[in-house]
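Please look at the sequence and the 3D structure shown below before reading on.

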Amino acid sequence: MSSTPNTAVPKDDTIFVKADDLPLYCPGPHSPLWSMHPRVYIEVAKTGKALCPYCSAAYQLRDGEKVHGH
């Protein structure tokens, strides 16, 4: 479901996602074990970007992505 990277992303970097990745959740399926926290769904469809309330990972829709049905 989520296309979060296979490696951890530094806190100040943004994780860019596609509309096909929605619904988006954190931590992603390929996150390292040390970065696990309770799964939360991240709402990026309305504003185009959002932060995870647990780890502060920044998610943003890629430029030009159109969200349909979310």
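This is a predicted model: local features need pLDDT of at least 70, side-chain atom pairs count only at pLDDT 80 or more; totals for chains, interfaces and linings use all residues.

## Two prolines in loops

Pro-27 is placed in the loop between β2 and β3 (40-42), where strands are DSSP runs of E with at least two residues, helices are runs of H or I with at least four residues, and both are numbered from the N terminus. The peptide bond that leads from Cys-26 to Pro-27 is cis, with omega near -5°.

Residues are numbered from 1 along each chain as its sequence is written, and side-chain values use heavy atoms, with hydrogens and water left out.

## The chain as a whole

The secondary structure of the chain consists of zero helices and five strands, and reading along the sequence gives the pattern β-β-β-β-β. Of the 70 residues, 34% count as buried, a word that here stands for under 20% relative accessible area, whereas exposed stands for over 50% and partly exposed for values in between (1.4 Å probe, protein chains only).

The chain exposes about 4800 Å², and carbon and sulfur atoms supply 52% of this area; the areas come from the Shrake-Rupley method with a 1.4 Å probe, and for residues only the protein chains shown count as cover. Among the contacts (heavy atoms within 4.5 Å) in the chain with a separation of 6 or more, 40% are between residues 24 or more positions apart.

## A sheet of three strands

Strands of a sheet pair through backbone hydrogen bonds, either parallel or antiparallel. In this chain, an open sheet of three strands has the order β1-β5-β4, with mixed pairing, and two strands are said to pair if DSSP finds at least two bridges between them. Because β1 and β4 stand at the edges, each with a single partner strand, one side of each is left without a neighbour in the sheet. The twist averages 25° from one strand to the next, where axes are lines fitted to C-alpha atoms (for helices, over the stretch in contact) and angles run from 0 to 180 degrees between N-to-C directions.

β1 and β5 pair in the parallel sense over four bridges, whereas β4 and β5 pair in the antiparallel sense over three bridges. Ala-58 of β5 is the bridge partner of Thr-14, and Ala-58 is also the bridge partner of Leu-51. In the hairpin of β4 and β5, six residues lie between the strands. Ser-56, in the loop between β4 (49-51) and β5 (58-61), has a positive phi of about 65° although it is not a glycine. Ser-56 is partly exposed, with a relative accessible area of 32%.

## The nonpolar core

In soluble globular proteins, nonpolar side chains tend to be buried together. The largest nonpolar core of this chain has 13 residues, and those with the most contacts inside it are Val-17, Leu-24, Cys-26, Ile-42, Val-44, Cys-52 and Tyr-59; such a core is a set of buried Ala, Val, Leu, Ile, Met, Phe, Trp, Tyr and Cys residues joined through side-chain atoms within 4.5 Å. β1, β2, β3 and β5 each supply at least two residues of this core.

Val-17 lies in strand β1 and counts as buried, at 0% relative accessibility. Although Val-17 and Leu-61 are 44 residues apart in sequence, their C-alpha atoms are 5.0 Å apart in space. Leaving aside its neighbours within four places in sequence, Ile-42 is in contact with residues including Leu-24, Cys-26, Cys-52 and Tyr-59.

## Cysteines without a disulfide

How many disulfides does the rule give? A disulfide is a pair of cysteine sulfur atoms within 2.5 Å, and by this rule the count is zero. The closest cysteine sulfur to that of Cys-52 is in Cys-55, 3.7 Å away, which is too far for a bond. Cys-52 counts as buried at 2% relative accessibility, while Cys-55 counts as partly exposed at 34%.
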